[in-house]
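Please find below a few notes on the model we discussed. They are set out as numbered points.

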Amino acid sequence: MVAVDLTGGSANSPGLVKRHPKAVVALAILILFTILSYADRMIIALLVDPIKADLGLDDVQFSYLTGLAFALCFGIASLPLAWLADKWSRRWVIYLGVTLWSLATAAGGLASSFGEMFLSRFFVGVGEAALAPAAFAMIPDLFPKHQVARATGLMGSAAALGGGMAVLSGGFLVDFTGSMGQATLPVVGAVAPWQAVFLILGLPGVLLAFLTLLLPGRDESEALRQAGKRQPAEAPAMVETGPDITMEAAHSPKSGYFAWLRSNWLFMSGLALGCSAMGALAYGLTSWTPAYLSRVFGLSMGEVGITLGFVQMLSGLVGYIAGGWLIDWLEARGIKNAPHRYLIGATCIAIVASVSGFYLAGSVPVALFFIGMYHMAAPFNSPMVVALQKGVPSDFRGQAIALATMTATLIGMLAGPTVIALFTEEFFGDPAKVGASVAIVGVICGIVALLFLSTSYNAALRARNDLDALEG
């Protein structure tokens, strides 16, 4: 039996005893950037019909703009940017990401063909690739362990805020720019209302990117970690582990990222693939909900923006924040694999909500109720990141988060929107059946997610025990 210290970090990266002095400001900036990222990424879902009409696209081609274009860039850029964030500067990686995706969003407002719009959405993928791994990896350097899940949940809630604000503000912007008709800009010339929406949302991010200068640098965070080592008088909390969990069994950071990855392949692959299935439903459902409400219930895009925006934003906020709080609460009571338990429970709720809201609902209020229920249960990325924060050594935390996030995003964005579009066009042959397509994909994705998450459950627990032993 081996005694393991659970209260602090390791000699390499000791845990924080108290919050970093810049923790609240840094978290607020990261939340703002995440809101901006999701707003710029999700606004296109509200502009389906005008973009299709002006560029001459069908549903499948449009799904490439919401899924394939973003996912390709994310797949190419996420791992190199995560490596840079771990080895160079998380702060500057975030700055470059915010600047580039903001310019790319604005460039969408100048697109006049499918190829130009595809290229614009391709570079918007830099947002998730640069921001998510660097920001999530920064959180354990800002908050002590017992606050990490809550802080991660708060940052994750920005996804709900960003997506909701994209729909809500986008609805107002669509109505506003539509009422003004075609606008004429200096140098650019005449732009359609939907193009003006991209320009209005994208350009402010170039200025907001300078807020990264307020984030703590690597040297500052390392100095605080060293200052946070336990005082000699403090007795570390000890637990007994089984004979198969030894100090030798835990791979130290010196043995390398790939050595750790080989030893924990089931933990990483099961978690990433389970969340990929949840991501496919999330990206697909979010991409086609505005079209569903418009085609099935006859709502205008302005009405969709107001109703869906509030529902998505408020329910998503509850889901992210309550999810982080619940994981911390469960772990404080000795349930160490709380992120996996949460993900499994949330998947079951997502299956019920997607079928009820998109296939069985006979009215707008019923549909919005279950859509809200779905968005409360849907946030998979924060619990996934918490599982990695608590199971991966600090030296390659960003790379592990990037690998899992990249897998979930690539599979989710490539599969979700396009498979729903294919069901609608090829199987049903009726645009009004998009809700039934969402329900079918919801059941399939939910079952796949449950299988992978259940398979990786014990492997995740072993990875956490190994890390606790390493930090003892």
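**Notes on aromatic pairs and surface**

1. Tyr95 is buried, at a relative accessible area of 17%. Its value falls below the 20% cut-off for burial. Bear in mind that this is a predicted model.

2. Trp92, by contrast, is partly exposed, with a relative accessible area of 35%. Trp92 and Tyr95 are 3 residues apart in helix 4, so about one helical turn separates them.

3. The count of aromatic pairs comes to 15. In one of them, the rings of Trp92 and Tyr95 have centres 5.6 Å apart and planes at 80°, so this pair is edge-to-face.

4. Trp260 and Phe267 also form an edge-to-face pair, because their planes stand at 80°, with the ring centres 6.4 Å apart. Trp260 is buried at 3% relative accessibility, and Phe267 is buried at 1%.

5. Trp92 belongs to a nonpolar surface patch together with Trp83, Leu84, Trp88, Leu96, Leu207, Phe210 and Leu213. The accessible area of the patch is about 860 Å². Helix 3 (59-87) and helix 4 (90-108) each contribute at least two of its residues; Leu96 is in helix 4.

6. Arg41 sits over the face of Tyr38, 4.3 Å from the ring centre.

7. For the protein as a whole, the secondary structure consists of 18 helices and 4 strands. Of the 472 residues, 59% are buried. Among contacts with a separation of 6 or more, 84% are between residues 24 or more positions apart.

Notes: Residues numbered from 1 in each chain as written. Predicted model: local features only at pLDDT ≥ 70, side-chain atom pairs only at ≥ 80, totals over all residues. Heavy atoms only, no water. Patch = residues over 30% accessible without salt bridge, like charges linked within 9 Å, V, L, I, M, F, W, Y side chains within 5 Å. Areas by Shrake-Rupley, 256 points an atom, 1.4 Å probe, with all protein chains shown as cover. Salt bridge = Lys/Arg side-chain N within 4 Å of Asp/Glu carboxyl O. Buried < 20%, exposed > 50% of the residue type's maximum accessible area, 1.4 Å probe, protein only. Contact = heavy atoms within 4.5 Å. Phe/Tyr/Trp six-rings, centres within 6.5 Å; stacked < 30°, edge-to-face > 60°. Lys NZ or Arg CZ within 6 Å of the ring centre and 35° of its normal.
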